[in-house]
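Subject: Structure handover

Hello,

Here is the structure I promised you. Please open it alongside this note, and read on for what I found.

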Amino acid sequence: MTYADRLSERFDGAARLLPGRLRERAERLPAADRAAAEELRLRVGSPAAVLMPEGEISLGGEPVTRRDIELAVEIATGASVHSSQSSMRRGFISCRGGYRMGLCGSVFMSGGGVGGFGAYSSAVIRIGRERRGAADRLLPGLFRDGRFRSTLILAPPGAGKTTLLREIVRRLSSGDGRRPGLRVGLCDERGEIAALREGEPELDVGPRTDILDACPKAEAAMMLLRTMNPQVIAMDEITSPEDIRAVESARNCGVALLATAHGACPADLRSRPAYRPLFEGGVFENTVLIRRDGPVRTYELMKGEPL
Amino acid sequence: MIRWIGAALVIAATGGMGLMGVWRLRRASQALEGLIASLQIMESEICTRMTPMREVLELLGKTAPQSVRGLYRRALGGMGELGMRSFYSIWASAVRASRELALGEDEERVLTELGLCLGRYDVREQAEAISRVRRRLEPALLRAEEQRRRDTKLHAFFGLASGLFAVMILL
């Protein structure tokens, strides 16, 4: 199976999360478009659309209805909203196969926090994928004196942070002729990185990776530190103060970190007070910036202590 | 001799019909009892363990009282069509097809409507909906047990008596 075939297959998996009539439209897309598609988007009152590297294209047909999105949620949760309740309160559903469905609509509050959705207005299915070889040129620069150094991947949403994180985790865990594989503890809070299913990762994260799935990152990092003796702890999207505290604690335990954060450049992070402890403590020694020009992504490695 | 054999066959046939009536009454109350017990398990699985619906149906299809396993197995079989059909439609079809439950019109409607809530709402609302269905089925179970107590002997008696009566007339 070629790489393009694998990408088309990933798209077909995402399309299976759509209700019947929308699924049929998505499956009619040419194979090349299916391989390049990044997201499937549903908005009530507009036809379903696909996000391509160049922008959104409509799938045409009848506009999406609220019922369509309800059905998509039903498929994504396996008619088990109760099992996905905690993530739905944060606006997303982790689906089988490593897909993530983001939701928007009228939210109701309960007990001082988001209780759930009253009515859905839009949904997006992100098509997570493996890009083997994406980290080939980057990886040697992430080591110093033979040791992997804590690295932050920085990019705006949709630039491919999770994909790059997964590939670096896979490479670190696998090792190569020059370096032995490392024990990586992976905090996969949204189930997007490894797509764990019945204990087995559906996406390749390497042979020496221990995964904590669906667990808040802060707790997951501490659990991994206590129980799995990791050499590297990897986590996606550090955003909350708890995540940042977890990163600091892990670093103080002498473990290298690999994480991603939303932001266009280090200055972006510096301007946000929540991240101040990270750059005051010099937690990350490497920063990788992802730049995107249409379908082409380039990685810029900033060494030293950019934060 | 042939006459006596014929008489015995007539009595056996009518007696058998009477016993069939007894068995039907017993099956109806057993099915309702099993249904209520399985809904209790479903509520616990959803509320305490947040078990996904597919696993709940699989579990009940294997471990629920024999009389109600078919309902859960049919619903589980329909889960493959999720996306082409709503869960409500899958559940409603399973309830409709489960004739062995021998539900009355009201009980069938209440059980079908449960599908509108199952898997769609949060834990508390699903628990309330399941409890409500159990509460609605309990009077039906009491009625079925009462009917069984009342009519069991009647069915058996009429079965045998009608056979004897027919034999007496024919002989």
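Start with a strand pair in chain A. Strand β9(A) is joined to strand β16 (residues 286-293) of chain A by four bridges, and the two run parallel. Within that pair, Leu154(A) sits opposite Leu289(A) in β16(A). One caution before going further: this is a predicted model.

β9(A) has another parallel partner. Five bridges link β9(A) to strand β15 (residues 256-262) of chain A. There, Thr151(A) stands opposite Leu258(A).

Is β9(A) covered or open to the outside? Strand β9 spans residues 151-155 of chain A, and five of its five residues are buried. In a regular strand, side chains alternate between the two faces of the sheet. In β9(A), Thr151(A), Ile153(A) and Ala155(A) lie on one side, and Leu152(A) and Leu154(A) lie on the other. Both faces are covered.

Now the sheet around it. Seven strands of chain A form an open sheet, in the order β13-β10-β14-β15-β9-β16-β17. The pairing is mixed. The edges are β13 (209-213) and β17 (296-302) of chain A. Each has a single partner strand, so one side of each is left without a neighbour in the sheet. Ignoring direction, neighbouring strands of this sheet are turned by 20° against each other on average.

Further along this sheet, strand β10 (residues 184-188) and strand β14 (residues 232-235) of chain A pair in the parallel sense, over four bridges. Cys187(A) stands opposite Met235(A) in that pair. Helix α7 (residues 217-227) of chain A lies across β10, β13 and β14 of chain A. Helix α7 runs at about 160° to β10(A).

One residue to look up is Leu196(A), found in strand β11 (residues 196-197) of chain A. Why does Leu196(A) count as buried? Because Leu196(A) has 20 C-beta neighbours inside 10 Å. Leaving out residues up to four places away in sequence, Leu196(A) touches Asp188(A), Gly191(A), Pro201(A), Ile211(A) and Asp213(A). For a sense of distance, Leu196(A) and Gly20(A) are 176 residues apart in sequence. In space they are 26 Å apart, C-alpha to C-alpha.

Chain A has another sheet. This one is an open sheet of six strands, in the order β3-β2-β1-β6-β5-β4. Its pairing is antiparallel. Here β3 (55-58) and β4 (92-95) of chain A stand at the edges. Each has a single partner strand, so one side of each is left without a neighbour in the sheet. The twist averages 35° from one strand to the next.

Inside that sheet, strand β1 (residues 39-43) and strand β6 (residues 113-126) of chain A pair in the antiparallel sense over five bridges. Leu40(A) stands opposite Ile125(A) in β6(A). Helix α4(A) lies across β1, β4, β5 (99-110) and β6 of chain A. Its direction is about 95° to β6(A).

Next, the domains. The assignment for chain A gives domain 1 (3-126) and domain 2 (139-302). Their centres, taken over C-alpha atoms, are separated by 26 Å. How many residues of domain 1 of chain A are in contact with domain 2 of chain A? There are 11, and they meet 11 residues of domain 2. The domain 1 side has three nonpolar, four polar and four charged residues.

On to the contact between chains. Here 15 residues of chain A are in contact with 16 residues of chain B. On the chain A side, α2 (20-27) and α4 (66-77) each supply at least two residues. The largest share, three residues, comes from α4(A). By class, the chain A side divides into five nonpolar, seven polar and three charged residues.

Last, a helix pair in chain B. Helix α3 (residues 66-78) and helix α4 (residues 87-97) of chain B pack at an angle of about 145°, with their axes 8 Å apart. The crossing of α3(B) past α4(B) is right-handed. On α3(B), the contact is made by Leu71(B), Arg74(B), Ala75(B) and Gly78(B). On α4(B), the contact residues include Ile90(B), Trp91(B) and Ala94(B). In that contact, seven residues are nonpolar, two polar and one charged.

Best wishes

Conventions: Residues numbered from 1 in each chain as written. Chains lettered and ligands numbered in written order. Predicted model: local features only at pLDDT ≥ 70, side-chain atom pairs only at ≥ 80, totals over all residues. Contact = placed C-beta atoms within 7 Å. Nonpolar A, V, L, I, M, F, W, Y, C, P; charged D, E, K, R; others polar. Axes fitted to C-alpha atoms, helices over the stretch in contact; angles between N-to-C directions. Left-handed = near helix turned anticlockwise from the far one by under 90°. Domains from an automatic or database assignment. Buried ≥ 20, exposed ≤ 12 C-beta atoms within 10 Å, placed from the backbone. Pairing = 2+ DSSP bridges.
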